[in-house]
Amino acid sequence: MSFTYPIFLWGLTALAIPIIIHLFNFRKAKRVSFSNVRFLENIKKQNSSNLRLRHLLILLTRLLFIFFLVLVFAQPYIPSIEDGLQSRSVTLYIDNSNSMSNLTERGVSGFNETLGIAQEITNLYPAETQFSLITNDFVPGTSQGRAKAKTAEDLTEIKYSSLSRSGQELFDKIQGGKPGEIKDIFILSDFQQSTIGQFEQIIDSTNQYHLIRMEMTEQKNIFVDTVLLENPFLVSNQKNAVHIKVRNDGTDINDLQVKFFVNDNQSGTTSIDIEANSTKDLVFELSGRLESSNRCRVSFEDFPVVFDNDYFFTLNLASKIKIVEVTDEKKTPIGQVYKNNPLFSITSFQSNNISYPILEQADLLILNGLPNIAAGLEAQVNKQLSQGKSVIFIPASVLSTDYRISNVKMQSDSLAARTSLKLPDLNNPFFANIFEELGRDTQMPEVSTTYRFQPNGRSLLKTKTDVPYLSLFPTSGNLYLFAAPLSAAYTNFHRHALFVPVLHRIAELSSSNHPALAYSVDQMNLSLKVDSIPNGQLYKLIREDAELIPSQRISANELVLDMPRYLLSAGYYDLMLGYHQITTVAFNHPKLESDLKTLSMEEIKARLTGVKNLNLYEAQEAKVFSNNLKEKYHQRDLWKYALILSLIFLFAESLLLRFL
């Protein structure tokens, strides 16, 4: 124990005063005569003993009163174990990500426990301290210092955020204050493995860091990992199905009820058993009539973490893939392939009568049997490819000269002997899900190649002599080159069963209007195909009563929205232009947030070896945690207790004088 003003201890010499008064009674004795004292002798002895005890008790209360009164002025205290909590600039980081909804061993959510601890931390500092309150939203202005009272008020308004922050993002934000400013930094988080990432490069030798780790009772959770359409092109009245992968990052689960909703109507349900740390694949058939845009949801019940119990996605009927063929032939096999499928819309032009506005809207441009390519058409080919679209080039029987298409040089070759094509490589993503199997006895089409390409592309089909017949040249878009014309003199490929699926796959891969089923709320940008942004109008994202107008621009016939991530939440948003609904998009929480595994104290310490002043704590009940910090970093003032005791003994003396 130490004293703030030890000089007042000289006041203890005043203890001699009541002792002197007790030893020397200055009152004069008065003689009283009695005729007979025989009957008073026993009473005299008894009163004398009580009087002695009374005087000793009064002396003791006076001594203790003076003793504790002197201590009040000397102000005793118990020194802190360590120096700390002395800065007048404090940064508080509150992890308000959804993983903090998990329960601690005290039966409350980690988020609520964090808020309680943060309130206690603010109470440890004097009123003039400036606080910076940071959450995962990184709202502008949060790094600026605020008064203690304002910070306490702001803590009551913090809510869960759809965003999570990596360790590097967090420390960059914390260290972005005033140069040379020394701060006490408190980081309250569960330190989730999947989101915190690597942050070994953090170096700080000036600030005082206090990391409070939320200890969760269990780290288990069930969530939707993946949702896919069996056929990526959803066409009305055609059979299709939704494939859903559910992940279990915890203990074995039995009889989990999984429900599938389409436009708020339950379309299917199933009960599954799923082992710990494994996945389960589910299939829901799409039955009944579908709208052009459909809101779908997968739902189940899993406690205590419930933020990811619903997975939202949209299913939109596929719009027609626009195909333009430029050819001087009256009838081509290509036209017959695409005309009979409702997924495709094909238009044909002769080389001397091209409508370029229609051509610019095409997803797939086919140049079939043109001996010469005009400069305007060649420019359009390059434009199509630069916009991420696809082009098929089928050479004429005789080209006027060797020439380039895009950056590929086509060189005429002597007519090769007619030979069969090799079986296609089913491991090539181009042929995925086209054929179940191809046997060695499968009869392949025959071709006679007449052109070679420089440089070589990716061979999709080639002859048994390893000469490329159909090659892919990927750039921003995809350029497909045939090595021979589609005529009976050179091949029977256009009459073979392989021809239709190959042409269909090229067209399907050319579709630029193939939106994702769902997006993540932490996505920086959102790209959707639109024609243009009319003058004076902006696209909006509307959900119930919330309306967002993100910054937007048109890039290669796509609307690019810069998403205000801290304002998004899981669910559906309607993309509106004025009062016209363009489409509906669905957002979900990031899958990384659903993985509840956390770093241990040893792992955190090992990653922060570059931080000189580092203190790690396991979170406790708020009051207990506050008391532990006070004991460690604050001196414990005892003068208040001394004042109370002095008053107690003064009151005790009064009682003794009055009743004893």
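**Group meeting: salt bridges, sheets and one surface patch**

Okay, let me start with one side chain: Arg146 is partly exposed, at a relative accessible area of 28%. Before I go on, please keep in mind that this is a predicted model.

So what does Arg146 form with Asp154? A salt bridge, and the closest N and O atoms in that pair sit 2.4 Å apart. Asp154 itself is buried, with a relative accessible area of 9%, and the cut-off for buried is under 20%.

How many salt bridges turn up if you search the whole structure? The search finds 19. I'll take you through a few of them. Lys220 pairs with Glu218, with 3.1 Å between the closest N and O atoms. Both ends are partly exposed: Lys220 has a relative accessible area of 27%, and Glu218 comes in at 41%.

Then there's Asp466 with Lys422, a salt bridge at 2.5 Å, N to O. Asp466 is in the loop between strand 23 (458–462) and strand 24, while Lys422 is in the loop between strand 20 (419–420) and strand 21 (446–447), so this pair ties together parts that are 44 residues apart in sequence. Asp466 is partly exposed at 43%, and Lys422 is partly exposed too, at 31%. There's also a network of salt bridges that links Glu105, Arg106 and Glu113.

Next, an open sheet of 3 strands, antiparallel, in the order 27-31-30. Strand 27 and strand 30 stand at the edges with a single partner strand each, so one side of each is left without a neighbour in the sheet. Here the twist averages 25 degrees from one strand to the next. Strand 27 (residues 525–529) and strand 31 (residues 558–562) pair over 5 bridges, and Lys529 stands opposite Glu558 there. Strand 30 (residues 551–555) also pairs with strand 31 over 5 bridges. Have a look at Val560 in strand 31: Ser527 has it as a bridge partner, and Arg553 stands opposite it as well.

Now strand 25 (residues 478–482). Is this strand mostly covered or mostly uncovered? Mostly covered: 4 of its 5 residues are buried. Strand 17 (residues 390–394) runs parallel to strand 25, joined by 4 bridges, with Phe393 partnering Leu481. Strand 24 (residues 468–474) runs antiparallel to strand 25, joined by 5 bridges; in that pairing, Pro474 partners Asn478. A hairpin through 3 residues connects strand 24 to strand 25.

One buried residue I like is Thr327, at 4% relative accessible area, in strand 14 (residues 321–327). Leu370 is 43 residues away from Thr327 in sequence but 6.3 Å away in space, C-alpha to C-alpha. Leaving out residues up to four places away in sequence, Thr327 touches several residues, including Phe349, Ser351 and Leu370.

Last stop, the surface. Tyr5, Ile7, Phe8, Trp10, Leu69 and Phe73 make a nonpolar patch of about 690 Å². Phe8 belongs to the loop between strand 1 (2–3) and helix 1 (16–23), and at 39% relative accessibility it counts as partly exposed. That's my tour, thanks.

Notes. Residues numbered from 1 in each chain as written. Predicted model: local features only at pLDDT ≥ 70, side-chain atom pairs only at ≥ 80, totals over all residues. Heavy atoms only, no water. Patch = residues over 30% accessible without salt bridge, like charges linked within 9 Å, V, L, I, M, F, W, Y side chains within 5 Å. Areas by Shrake-Rupley, 256 points an atom, 1.4 Å probe, with all protein chains shown as cover. Salt bridge = Lys/Arg side-chain N within 4 Å of Asp/Glu carboxyl O. Helix = DSSP H or I, 4+ residues; strand = E, 2+ residues; numbered from the N terminus. Buried < 20%, exposed > 50% of the residue type's maximum accessible area, 1.4 Å probe, protein only. Pairing = 2+ DSSP bridges. Contact = heavy atoms within 4.5 Å. Axes fitted to C-alpha atoms, helices over the stretch in contact; angles between N-to-C directions.
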